[in-house]
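Visitor: I have a protein model open and I am new to this. Can you show me how to read some of its features?

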Amino acid sequence: MSCGGILCEEALRSLNCYLADPNSKLVRDISNVIKKYGSPSEINERACEARKLPNLLQRLGRINSPYLKDLEWLIEQKEKRAFVSISEFRAKVLGEKASSMQFDESTAVTLEISALQYFPWFISEAKRAIEKRELMPGRFIRVRNMKEQEHDNGDIMAVAAAAQIAGASWVETLDTKGTDGSNIHLGGPQTLTGYFTGVGQPNDHPVQWVDEYLYYATNYGIREVLNINPGSVLAGLILYRLGVDIKFKISVFMGTDNLYYLFIIFALAKTLAREDGSTALSGINVSNSVNAKTLLAMAQMRRDLGLEDKVRIEHHITEAYKSIVIQPYCRRDDLFLAVEHGIPNISAKHEGGDPEDEVKLDHPSDILDYFRAKAEVEEAGDLKKLEQNYIYKHIALNRTAEELTKRGFSFLAATGLHSR
């Protein structure tokens, strides 16, 4: 790739000098938050200890969490190899010809599900996966209120433990965002046009977001979180550059829908990478409006900038049936085209059931359910309905795995549960 002269070196130097200046407000404010929790190395060590499975299980035991026995059951099933193996799954889909087919693991698609709101859903999903010989996701996204899950029998720790047992990655969504009441544009129908401004991180929220992240990192070992605003994206990149091992993925709510916007994100990640080239940015969940042509161009840009193995392309295959996209919405063909072109490090995100299944439900999946308190959901008698919505996402995810298999493509499910 030719390094032409479109970028002004003097401008880059001045930007670097600004960020390197200890009096720069952007860096100074974040550095002051870090000091509340210790040095970056101390923060990383505390987070690592909090994340260790034995420590999570011990803490759940100390609070007499009912989730501990579920985790012990999960560990037992893992040790018994109760879950379907990859070869068994392929044989179920392809029959005898599965043994003679070659699957390219370099383009394996990560099977991603959203949102795992409550820990018991993980166990329900696991029991179904064993019974039906289905796959568990390789990546879980959560959008539940952090404080609520923290005080719900240790839900936050139970999910962290379950994901590690399963050999899957998981992402939390911090509470510091415009929906906490700080964005005056967001309300009911009377402020509908205000949503065009985005959920946002108004005023001091990017710094508060860093503070909240460090709290959950040091107390529960949470490493990867969702990011919805360019300001907190920059804050996360600065935090990583200062030595804290944060990882974040960019949410679909940020509306990343064209190559010019993508270049801004990639350029920020590249500019604020560490000396070893690593970055806090783990993935970009592009807009639902992005077409296959843009996905392919995005992959090429990512490769050209040396970020192919660092930043995952996360694309919605299905979406919540209500309150977010025009239905029917199913984008498996985009995924197949991407894999046919040899694009690695991509995930297939399932945020709804397949439209033909959703339309039959009394309570189709609704993105607004993410923002309901558990007490309100229980009072309305909707908890089982929301769990059913989650299981239909699981079904859609397995359908994607089946279709990938039929085409000779590989996938990444929960590596700790599904042996080769």
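Guide: Let us begin with a loop. R81 lies in the loop between α5 and α6. Keep in mind that this is a predicted model.

Visitor: What is the phi of R81 near?

Guide: Start with the general idea. Most residues other than glycine have a negative phi, and most peptide bonds are trans. Now the case here. Phi of R81 is near 55 degrees, a positive value in a residue that is not glycine.

Visitor: Is R81 buried or exposed?

Guide: R81 is exposed, because its relative accessible area is 61% and the cut-off for exposed is over 50%.

Visitor: Now helices. How do I describe two that pack together?

Guide: Two packed helices are described by the angle between their axes and the distance between the axes.

Visitor: Is the crossing of α5 and α7 left-handed or right-handed?

Guide: α5 passes α7 in a left-handed crossing.

Visitor: Which residues of α5 and α7 meet?

Guide: From α5 come Y67, D70, L71, W73, L74 and Q77. From α7 come F119, P120, F122, I123, A126, K127 and I130. By class, this contact has ten nonpolar, one polar and two charged residues.

Visitor: Let me try another pair, α2 and α10. How do their axes cross?

Guide: Helix α2 covers residues 25-37 and helix α10 covers residues 205-220. Their axes come within 10 Å and cross at roughly 25 degrees. That makes α2 roughly parallel to α10. The crossing of α2 past α10 is right-handed.

Visitor: What does the contact of α2 with α10 hold?

Guide: D29, I30, V33, I34, K36 and Y37 in α2 meet V207, V210, D211, L214, Y215 and T218 in α10. Sorted by class, the contact of α2 with α10 has eight nonpolar, one polar and three charged residues.

Visitor: Next, the rings. How many aromatic pairs are there?

Guide: A search of the whole structure finds seven. Take Y118 and W121. Their ring centres are 5.0 Å apart and their planes stand at 80 degrees, so the pair is edge-to-face. The cut-off for that is over 60 degrees.

Visitor: Are Y118 and W121 buried or exposed?

Guide: Y118 is buried, with a relative accessible area of 5%. W121 is buried too, at 4%. Buried means under 20%.

Visitor: Where do I find R90?

Guide: R90 is in helix α6 (residues 86-94). R90 is buried, with a relative accessible area of 11%.

Visitor: What does R90 contact, leaving aside its neighbours within four places in sequence?

Guide: R90 is in contact with G95, A98, F103, E105, T405, S410 and R420. Pick out S410. R90 and S410 are 320 residues apart along the chain, yet their C-alpha atoms are separated by 9.8 Å.

Visitor: One last residue. Where is G283, and is G283 buried or exposed?

Guide: G283 is in strand β6 (residues 281-285). At 0% relative accessibility, G283 counts as buried. Not counting residues up to four places away in sequence, G283 touches F248, K249, I250, V311, R312 and E314. Compare K247: 36 residues separate G283 from K247 along the chain, and their C-alpha atoms are 9.1 Å apart.

How values were computed:
Residues numbered from 1 in each chain as written. Predicted model: local features only at pLDDT ≥ 70, side-chain atom pairs only at ≥ 80, totals over all residues. Heavy atoms only, no water. Axes fitted to C-alpha atoms, helices over the stretch in contact; angles between N-to-C directions. Helix = DSSP H or I, 4+ residues; strand = E, 2+ residues; numbered from the N terminus. Parallel < 35°, antiparallel > 145°, perpendicular 65-115°, else oblique. Left-handed = near helix turned anticlockwise from the far one by under 90°. Contact = heavy atoms within 4.5 Å. Nonpolar A, V, L, I, M, F, W, Y, C, P; charged D, E, K, R; others polar. Phe/Tyr/Trp six-rings, centres within 6.5 Å; stacked < 30°, edge-to-face > 60°. Buried < 20%, exposed > 50% of the residue type's maximum accessible area, 1.4 Å probe, protein only.
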